[in-house]
Amino acid sequence: MTAAPVWSVLPAAALVLAYASGAAVLDGLLDPADRDRGAGVRAGRPLWETARLLRQRRRSTVTPDALLWRAGAAGPLVVALLMAVVVPMGGRAVADPVVGVVWFNALDVALWLLVWSAGWGANGVYALVGGYRYLAQALAYELPLMFALTGPAVAAGSLRMSEVVAAQHGLWFVVWMPVAFGVFLGAVAGFSLWGPFGYPAGRDVAGGVLAEPSGVDRLVLLAGRYALLAAGAAMASALFLGGPAGPVLPGWLWSALKTALVLAALVAVRRRMPVLRADRVMRLAWLVVLPLTLAQLLVVAVIAVVVGG
Amino acid sequence: MRVTAFVLLALLAVAGGVAVFVVNSMARATIALAVSFVAAGAAILLVDAAYLGVITILMMLMEMGIMAIFMIMFMMNPGGLMPMSMMHNKRGALVVSIVVFLLLAGGALGTPWPQRRGTPPSDPTLALGEAIMGGKMLVMMTVSAVLFATIVSAMVLATGRGRYDGEPSARPADDA
């Protein structure tokens, strides 16, 4: 993998937004609330919603912390774009730093403060509760996520994304790290406030961090949520599903297909699972998932030592 | 190029640190401190210590997140949007900070820095890992197992009595 020119950030960003739009379209199609309408209307929902939010006048609360609020609302989209910088698609990435895996991890931690700011800045009780819920939930999924990311890095003997992808020729990591793969997908849903981990944006708190933003702010925040899912899905296909590896079809198409498949699965799971309360997620994560992830990592480390040594 | 980047990051780090004491909300102070730390972490990236730089950013952002929870939870004015002063004992703090700054700056300027011996390793992350863990692997593994067991048992103790999770059988029978 060679270093990509600077202009490649533009197609990469466009790709993230394209996947995010696709996810939004799929979510519109799967929403049972609009089932009696035509498929065209439902598939076009992201477009109508974008048009509506662009025209909507920005509604504000009493004495919001506007700086933190805006920064928090824009945060998820910015983080998703920064994550996508290191994710290889079809054997090429915008940048391939020696610590690509840690870069991804640091960015998902940056979401802690950003989403919390989005909840805090609104100066509304539901938004604030949502922001704190995000932090509580993050405490649960973050350690399992870190150990899930450690698995492919240990097996590849490198934190560089290109080497992690290259180490999977012949056998994808998902085959012998199924637990890490599952934990990673769960964590992607977690940092995207999605599906069973949508508690910070729960309906029981009138939308939580999504309760107060309106107009362009809301558009950017919702787009950021889909973009996070897209970046996470692309990362999952590179880390665990062999990246561009596959028969017959060219590599870039395999990368694109795998990413689309993971993303579709993440979107589809949204309405098929109940939202989990943060304290339950906490108990599940620390008492069941974390030991499982560590056992998985032990297996990976032993195999890596035996095969590599 | 690197010098320019360093100057900008250094200014950002100092500005963030100053902002912590200038802003009048706990939330903004937390974010300002996080910005300061991220700038410091990015400055580490400039000396090609990629792992140390990124991990510094990761840990500091995480710590600021945790700090936001506890600091605001234990505050007298938990709304935090009302103006408040971040400074207490101004005169003493000023003296202490100036003395510490002079000591550190004097140390940085006055130390006879050694010349570089050898060449940088091809993989600084690997070299760092071996320098930290190499001879102490047994200690590290023992300590990490003990730490992990401690955390999990603390979780067991803490979550058993959650607000909504009191199972009927877990409570003592109310015979009286």
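In chain B of this predicted model, residues 24 or more positions apart account for 61% of the contacts with a separation of 6 or more. Chain B has six helices and zero strands, and its elements read α-α-α-α-α-α from the N terminus on. Of its 176 residues, 23% count as buried.

One residue of chain B can be followed in detail. B:Thr125 is found in helix 5 of chain B, which covers residues 124-133. Is B:Thr125 buried or exposed? B:Thr125 has a relative accessible area of 19%, so it counts as buried, the cut-off for that class being under 20%. With neighbours within four places in sequence left aside, the contacts of B:Thr125 are A:Val99, A:Leu159 and B:Tyr51.

**Two crossing helices in chain A**

In chain A, helix 1 (residues 9-30) and helix 10 (residues 215-239) have axes that come within 8 Å and cross at roughly 105°. That angle makes helix 1 of chain A roughly perpendicular to helix 10 of chain A. On the side of helix 1, the contact is made by A:Val16, A:Tyr19, A:Ala20, A:Ala23, A:Ala24 and A:Asp27. Helix 10 contributes A:Ala223, A:Tyr226, A:Ala227 and A:Ala230.

**Salt bridges**

Side chains of opposite charge can pair when their charged atoms come close. Over all chains, the structure holds 14 salt bridges. Three of them, in chain A, are set out below.

| Pair | Distance, N to O |
|---|---|
| A:Arg271 and A:Asp31 | 3.7 Å |
| A:Arg70 and A:Asp217 | 2.9 Å |
| A:Glu163 and A:Arg160 | 3.6 Å |

The side chains of A:Arg271 and A:Asp31 meet at 3.7 Å. This pair links distant parts of the chain, 240 residues apart. A:Arg271 is in the loop between helix 11 and helix 12 of chain A, while A:Asp31 is in the loop between helix 1 and helix 2 (39-43) of chain A. A:Arg271 is partly exposed, with a relative accessible area of 35%, whereas A:Asp31 counts as buried at 10% relative accessibility.

The side chains of A:Arg70 and A:Asp217 form a salt bridge at 2.9 Å. A:Arg70 lies in helix 4 (residues 66-84) of chain A and A:Asp217 in helix 10 of chain A, so this pair ties together parts that are 147 residues apart in sequence. A:Arg70 counts as partly exposed at 28% relative accessibility, and A:Asp217 is buried, with a relative accessible area of 8%.

In the pair formed by A:Glu163 and A:Arg160, A:Glu163 counts as partly exposed at 38% relative accessibility. A:Arg160 also counts as partly exposed, at 24% relative accessibility.

Which residues are joined into one network by salt bridges that share partners? They are A:Asp27, A:Asp31, A:Arg45, A:Arg270 and A:Arg271. Among them, A:Asp27 also takes part in the contact between helix 1 and helix 10 of chain A.

A:Pro274 is found in the loop between helix 11 (251-269) and helix 12 of chain A. A:Pro274 is exposed, with a relative accessible area of 59%. Although A:Pro274 and A:Pro196 are 78 residues apart in sequence, they are 5.5 Å apart in space, C-alpha to C-alpha.

**A buried glutamine**

A:Gln137 is found in helix 6 of chain A, which covers residues 125-156. At 0% relative accessibility, A:Gln137 counts as buried. With neighbours within four places in sequence left aside, A:Gln137 is in contact with A:Gly190, A:Phe197, A:Tyr199, A:Pro200 and A:Ala278.

**A nonpolar surface patch**

A:Leu298, A:Val299, A:Val302, A:Ile303, A:Val306 and A:Val307 form a nonpolar patch on the surface. Together these residues have about 560 Å² of accessible area. One of them, A:Val302, lies in helix 12 of chain A, residues 278-308. A:Val302 is partly exposed, with a relative accessible area of 47%.

Note on methods:
Residues are numbered from 1 along each chain as its sequence is written. Chains are lettered from A and ligands numbered from 1 in the order in which they are written. This is a predicted model: local features need pLDDT of at least 70, side-chain atom pairs count only at pLDDT 80 or more; totals for chains, interfaces and linings use all residues. Side-chain values use heavy atoms; hydrogens and water are left out. Patches are made of residues with over 30% relative accessible area and no salt bridge: like charges are joined within 9 Å, nonpolar side chains (Val, Leu, Ile, Met, Phe, Trp, Tyr) within 5 Å. Accessible areas come from the Shrake-Rupley method with a 1.4 Å probe; for residues, only the protein chains shown count as cover. A salt bridge is a side-chain nitrogen of Lys or Arg within 4 Å of a carboxyl oxygen of Asp or Glu. Helices (H or I, at least four residues) and strands (E, at least two) are DSSP runs, numbered from the N terminus. Buried means under 20% relative accessible area, exposed over 50%, partly exposed in between (1.4 Å probe, protein chains only). Axes are lines fitted to C-alpha atoms, for helices over the stretch in contact, and angles run from 0 to 180 degrees between N-to-C directions. Angles under 35 degrees count as roughly parallel, over 145 as roughly antiparallel, 65 to 115 as roughly perpendicular and the rest as oblique. Contact means heavy atoms within 4.5 Å.
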